[in-house]
Amino acid sequence: MTFDPIDLGSFWMPKQSSTIAEEIDTAYYIVYWLDVVMFVALMGALAYFMWKYKRRGPKDKLSDVTHSTTLEISWTIIPTILVIGLFFVGLKGWMKAMVAPGNALEIRTTAEMYMWTFTYPNGNVSVNELVVPKGQPVKLIMSSKDVLHSFFVPEFRVKQDVVPGMYTTVWFEAIENRETVLFCTEYCGVGHSDMMAKVRVMEKADYDNWQETGLLPGEKPLPPAELGKKLFTTRSCNTCHSLDGSRIQGPTFKGIFGRTEQIADGSSVKVDENYIRESLLEPNKKVVQGYPAVMPTYKGLLKETDIDALIAYLKTVQ
Ligand code: CUA
C-alpha cells in the first residue's frame with residue numbers, strides 16, 4: 001500500500017490531530033527542555049572545573065575537600081522535586097489517555113500478519129483502512145490473531161500493543177478532517193514494514209454515508225472490474241500477490257484467470273469464478289503447490305458484490 005507522506009507538522013513532531021496530542025507533546029517538551037538545561041549546565045560545569053582545577057605543575061596540591069552537606073542536600077532535593085512534578089504531569093495525561101469517554105464509538109480492531117481489520121458497531125468491516133468521524137471519541141478494542149503487533153498513529157499520539165489472547169484498548173478523538181497513517185510498531189515478521197493502514201477522518205454525515213454505502217465523500221459507485229481493482233489494493237491482496245509475474249508470498253495474479261494450478265495435495269484446479277471465490281473464503285483448502293498456507297480468510301470481510309468485483313478484475317489481469 002502506498003501513502004502520502006505524513007504531514008510533518010513541525011520540525012520535531014507530526015501534526016497534532018487528536019484532542020490529546022497537545023498535552024502529550026507538552027509533557028514531552030517539559031522533559032526535553034529539562035534535559036537540555038541539565039545537560040548544558042552539567043557539561044558546562046564539568047568543562048569549567050576541568051579547566052579551572054587542572055593540575056598545572058608539581059607544586060599544585062590535590063583538593064582536601066571531603067564533602068559538602070549543602071551541595072549533597074540540594075542535588076538530592078532538587079531532582080526529587082522535579083521527578084515528583086513530572087510524575088503528576090504524566091499521571092494527568094496518562095489517566096486521560098487510559099479512560100475513554102462513555103460516549104465513545106467502539107470499533108473492534110484485529111491485527112494479523114500483515115493487515116488490520118476494523119469491525120464497526122453495525123457489522124461493517126474495513127481492511128487496512130480505519131474510518132472515523134471527526135469530533136467524536138473513538139475507542140478501539142484490539143486483539144491479534146497471531147503474534148504481537150502494535151497500533152500507532154503518530155498524528156494522534158496514541159500507541160498500544162495488540163496482543164494475541166487478550167484485548168487491549170486505545171482511544172482518541174480526531175480534530176481535523178484528514179488522512180493519516182497507522183503503523184504497526186512491533187516487529188512482527190517479514191511483512192512488518194508494510195503493515196500500515198490508512199486512517200480517514202471525516203464529518204459525521206460523511207462517516208454515516210460511508211457506513212451506509214461504502215462510498216467516500218464525492219465518490220460514485222464503480223463498475224465491478226474497477227471496484228475489484230480498488231479492492232486489490234485496499235484489501236491488501238497486493239501485499240502477497242503481484243500483477244507482473246514476480247513472486248511475493250502467494251502466486252502472482254498475472255494471467256491468473258483460466259490458468260491451471262497444481263495443488264499441494266497433487267491434484268490440479270482450473271482457476272475459475274468458483275476457485276477464486278473459494279480461495280477468498282476458505283483460502284487454505286486448495287493451496288497452490290510450493291506456496292505457504294498463510295492466506296487469511298476474507299469471510300465476512302468482503303460483500304458478495306466485492307467478491308464479484310474481484311473476480312471481474314482478475315479476469316482483466318493478463
Ligand atoms: Cu504487525 Cu509489525
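How many helices and strands are there in the protein chain? I counted six helices and twelve strands, taking helices (H or I, at least four residues) and strands (E, at least two) as DSSP runs numbered from the N terminus.

Ground rules first. I am working on a predicted model, where local features need pLDDT of at least 70, side-chain atom pairs count only at pLDDT 80 or more, and totals for chains, interfaces and linings use all residues. Residues are numbered from 1 along each chain as its sequence is written, and side-chain values use heavy atoms, with hydrogens and water left out.

**Whole chain**

I looked up burial: 36% of the 318 residues in the protein chain are buried (under 20% relative accessible area; exposed is over 50%, partly exposed in between; 1.4 Å probe, protein chains only). The accessible surface comes to about 18600 Å², and carbon and sulfur atoms hold 62% of that. That area is from the Shrake-Rupley method with a 1.4 Å probe; for residues, only the protein chains shown count as cover. Then contacts (heavy atoms within 4.5 Å): of those with a separation of 6 or more, 61% are between residues 24 or more positions apart.

**S150**

I went to strand β6 (residues 149-153), where S150 sits. Buried or exposed, I wondered about S150? S150 is buried, at a relative accessible area of 3%. Its side chain makes a polar contact with the side chain of D161 at 3.1 Å, and the S150 side chain also reaches the backbone oxygen of Q160 at 3.3 Å. My polar contact is a pair of N or O atoms within 3.5 Å; within protein, one must be able to donate a hydrogen and the other to accept it, and residues adjacent in sequence count only if both atoms are side-chain atoms. Leaving aside neighbours within four places in sequence, I also find S150 in contact with residues including W116, V162, F183 and C184.

**α4 against α6**

Next I checked helix α4 (residues 224-234) on helix α6 (residues 304-316): the angle is about 95° and the axes are 7 Å apart. The axes are lines fitted to C-alpha atoms, for helices over the stretch in contact, and angles run from 0 to 180 degrees between N-to-C directions. So α4 is roughly perpendicular to α6 (65 to 115 degrees; under 35 is roughly parallel, over 145 roughly antiparallel, the rest oblique). By class, I get nine nonpolar, three polar and two charged residues in this contact. Among them are L227, L231 and F232 from α4, which meet a set in α6 including A309, L310 and Y313.

I noted a cis peptide bond joining M113 and Y114, with omega about -5°. Y114 is in the loop between β1 (105-112) and β2 (115-119).

**H241**

Last stop: H241, in the loop between α4 and β11. At 12% relative accessibility, H241 is buried. A polar atom of its side chain lies 2.7 Å from the backbone oxygen of P251. Not counting residues up to four places away in sequence, I see H241 touching F232, I248, G250, P251, F253 and M295.

Note on methods:
Nonpolar A, V, L, I, M, F, W, Y, C, P; charged D, E, K, R; others polar.
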